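Please open the structure in a viewer and display it as a cartoon.

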Amino acid sequence: MNWFPAVIVLVVCIIICVARILMGPGAPTRLVAFDTTNTLVVASLVIAGMMFNHAIFIDVAIVYALLSFTMTLYVAKYIGGGKF
Amino acid sequence: MALNIVTYIFIGIGLFFNLVGSVGLHRFPDMYTKLHAATKCTTFGSIFLIIAVIMQAANIWAQGGTSQSVMCIHAVLALVALLITNATGAHAIARTAYRSGEKPAKAVVDDLEKKEND
């Protein structure tokens, strides 16, 4: 199996999303782009674990998914304000 | 091999939907449609990519690989974590965007406003 082109396409997607983080009008749009970037990073970490044949990449992907979810919730609470 | 062909098809579907989600994040006019495109498409694409990894790891595991067993099970865990966190995070983002005063681009009727005042 050749996993390398899949990682290349995912990195292109991540670059597009990071450009939207830098450009985007307003904080909620930036938060959406950030969430999308996290999803793509998790997918590319799992594929990198299969490509390099190391299971530690996939463990990192699990922890990254859970921590990025926590960070998304906290930033959403910060932007929304008031009671949550 | 049939499994390799199925895996390549799954990788193709996953990459296509991830790319469509990223382009939709750029092209849609306001934040809610951006959220719609980005979250749904990237979740669907990532499911297919991780399922491709799970199939390959399970194949090597069935042929006697040792480290692939850990890889297969942990990829399933990563898939479950991704499924739970993406949907919940998108819900939280949409609610906080509405509460911070962001309006849809061409909205005419806002039913939620009436409901919150009651």
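Begin with the contact between the chains: chain B contributes 42 residues and chain A contributes 39 residues, two residues being in contact if their C-beta atoms, placed from the backbone, lie within 7 Å. This is a predicted model, in which local features need pLDDT of at least 70 and side-chain atom pairs count only at pLDDT 80 or more, while totals for chains, interfaces and linings use all residues. Residues are numbered from 1 along each chain as its sequence is written, and chains are lettered from A and ligands numbered from 1 in the order in which they are written.

Next, select helices H1 (2-27), H2 (31-62) and H3 (67-99) of chain B, the elements that each give two or more residues to the side touching chain A. Helices (H or I, at least four residues) and strands (E, at least two) are DSSP runs, numbered from the N terminus. H3(B) gives the most to this side, with 17 residues. Coloured by class, the side of chain B that touches chain A shows 21 nonpolar, 18 polar and three charged residues. Here Ala, Val, Leu, Ile, Met, Phe, Trp, Tyr, Cys and Pro count as nonpolar, Asp, Glu, Lys and Arg as charged, and the others, Gly among them, as polar.

Then select H2(A), residues 27-52, together with H2(B): the two pack at an angle of about 10°, with their axes 10 Å apart. Axes are lines fitted to C-alpha atoms, for helices over the stretch in contact, and angles run from 0 to 180 degrees between N-to-C directions. H2(A) and H2(B) are therefore roughly parallel to each other, a label for angles under 35 degrees. The residues of this contact divide into 15 nonpolar, eight polar and two charged.

Chain A holds three helices and zero strands, in the pattern α-α-α along the sequence. Its C-alpha trace spans about 50 × 25 × 10 Å along the principal axes.

Finish at Asn53(A), in the loop between H2 and H3 (56-80) of chain A. Asn53(A) is not a glycine, yet its phi is positive, about 60°. Most residues other than glycine have a negative phi. Asn53(A) counts as partly exposed because it has 13 C-beta neighbours inside 10 Å; a residue is buried with 20 or more other C-beta atoms within 10 Å of its own, exposed with 12 or fewer, and partly exposed in between, with C-beta atoms placed from the backbone.

Notes. Angles under 35 degrees count as roughly parallel, over 145 as roughly antiparallel, 65 to 115 as roughly perpendicular and the rest as oblique.
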